[in-house]
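Try each task before you read its solution.

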Amino acid sequence: MYRLVRARKRACLQPWVIGLISFISLIVLAVCIGLIVHYARHNQKKTYNYYSTLSFTSNKVYDEFGKEASENFTEMSQKIESMVKNAFHKSSLRGKFVKSHIIKFSQEERGVLAHMLLIFRFPSTEDPETINKKIQRVLHEKLQDAVGPPKLDPDSVEIKKINKTETDNFLNNCCGTRRNKTSGQSLRIVGGTEVQEGEWPWQASLQWDGIHRCGATLINDTWLVSAAHCFRTYNDPARWTASFGVTIHPPKMKQALRRIIVHEKYKYPSHDYDISVLELSRPVSYTNAVHKICLPDASHEFRPGDEMFVTGFGALQNDGSSQNHLRQVQVDFIDTKSCNAPQAYNNAITPTMLCAGSLKGNRDACQKFEFVSWHGFLLVILLRACSPF
């Protein structure tokens, strides 16, 4: 018994040893917490928005691309945005650059001025003044190597830091803000994929007595475009409402209709001229989630294989119910000759129609008529009826 007690006493630590171990443990813990906080703060990203102007000359006259939403405007915008993107990707700011976005062009004595938004993400610890200088330096240096047309003037670059509200205001004054990139998953039509808020801000749900009946597209702050057949029976505007946002319930915004105008040449059951315009009871305020689409030039020609997207709240199968969440699906433009082949529409496509979908039958939409977006432009296209795929 005596030896057992002595052995237990030897195993006990002195109080000062326990205190020392506890003190060291606290120091180690504090150092670890400090390192974690420092690492997290250093790696926390902050978005920086800039308004930039850049002079250039082109073999095209200004009138050819000065009009917003024209084909030439889109082409010139994409060329300049690509040059700016390449400039940053060849610099030390490669990982910080998010996007550039042309918002308008203006004419000046020496040529044309491109007005552009630049968006970056930097660690929150970086000095804003240093960031400004880095961006300016990259644009001055790297754009010297940009191959045109158009011919850029890197020395003309000016940038000004703006806040998120100012950025949103600039974007909301443009039509057809480019859609977000989605994942590379297969967009099998019929099912398609759900979309995120702001991807298709011009999409509306038309509801008769609160029940979704048709889709529509916002073309300015007061008018929508939809199909004429939606109002063949249900033609009292007082019982229709238009809701906006990626979900029907709850909507981002809801408006009553004041007037319905069906194309004067539409005659049921023909599919020709199946189009209508709808006047809202009051103008909508543009936001990131509710925004107008671009209208293409009447003379614009589409090429077979052009990538397009159908969006809507339609059923996922024949005779199914509508969906609460907006969905998207990718289709391809099909030339009229192929679409009118005996195994396809067998000459049902008239000069007033465009055709899109998939001739293989694995990608299509649930309604006969859908509203389709192409680079933020509005198209009205006849599509194949639902397939089981």
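The exercises below concern the disulfides of this predicted model.

**Exercise 1. Describe the link between Cys-175 and Cys-294**.

Solution. Step one is the distance. The sulfur atoms of Cys-175 and Cys-294 are 2.2 Å apart, and the two form a disulfide. Step two is the location. Cys-175 sits in the loop between α5 (164–172) and β5 (193–194), while Cys-294 sits in the loop between β11 (276–280) and β12 (307–312). The two are 119 residues apart, so the pair links distant parts of the chain. Step three is the handedness. The torsion about the S-S bond of Cys-175 and Cys-294 is about 100°, so this disulfide is right-handed. Step four is burial. Cys-175 and Cys-294 are both buried.

**Exercise 2. Is the disulfide of Cys-214 and Cys-230 left-handed or right-handed, and what does it tie together?**

Solution. Check the bond. The sulfur atoms of Cys-214 and Cys-230 are 1.9 Å apart, and they form a disulfide. Now read the torsion. About the S-S bond of Cys-214 and Cys-230 it is about -105°, so the disulfide is left-handed. Then place the ends. Cys-214 lies in strand β7 (residues 211–218), and Cys-230 in the loop between β8 (223–226) and β9 (240–244). The pair therefore ties together parts that are 16 residues apart in sequence. Cys-214 has 12% relative accessibility, so Cys-214 is buried. Cys-230 has 7%, so Cys-230 is buried too.

**Exercise 3. Where do Cys-339 and Cys-355 lie, and are they buried or exposed?**

Solution. Begin with the bond. Cys-339 and Cys-355 form a disulfide, with sulfur atoms 1.9 Å apart. Their link has 40° about the S-S bond and is right-handed. Cys-339 is in helix α6 (residues 336–339), and Cys-355 is in strand β14 (residues 355–357). They are 16 residues apart. Cys-339 has a relative accessible area of 2%, so Cys-339 is buried. Cys-355 has 2%, so Cys-355 is buried.

**Exercise 4. Which cysteine sulfur is nearest to that of Cys-174?**

Solution. The nearest is that of Cys-175, 7.5 Å away. The cut-off is 2.5 Å. Cys-174 is in no disulfide. Its relative accessibility is 6%, so Cys-174 counts as buried.

Conventions. Residues numbered from 1 in each chain as written. Predicted model: local features only at pLDDT ≥ 70, side-chain atom pairs only at ≥ 80, totals over all residues. Heavy atoms only, no water. Helix = DSSP H or I, 4+ residues; strand = E, 2+ residues; numbered from the N terminus. Buried < 20%, exposed > 50% of the residue type's maximum accessible area, 1.4 Å probe, protein only.
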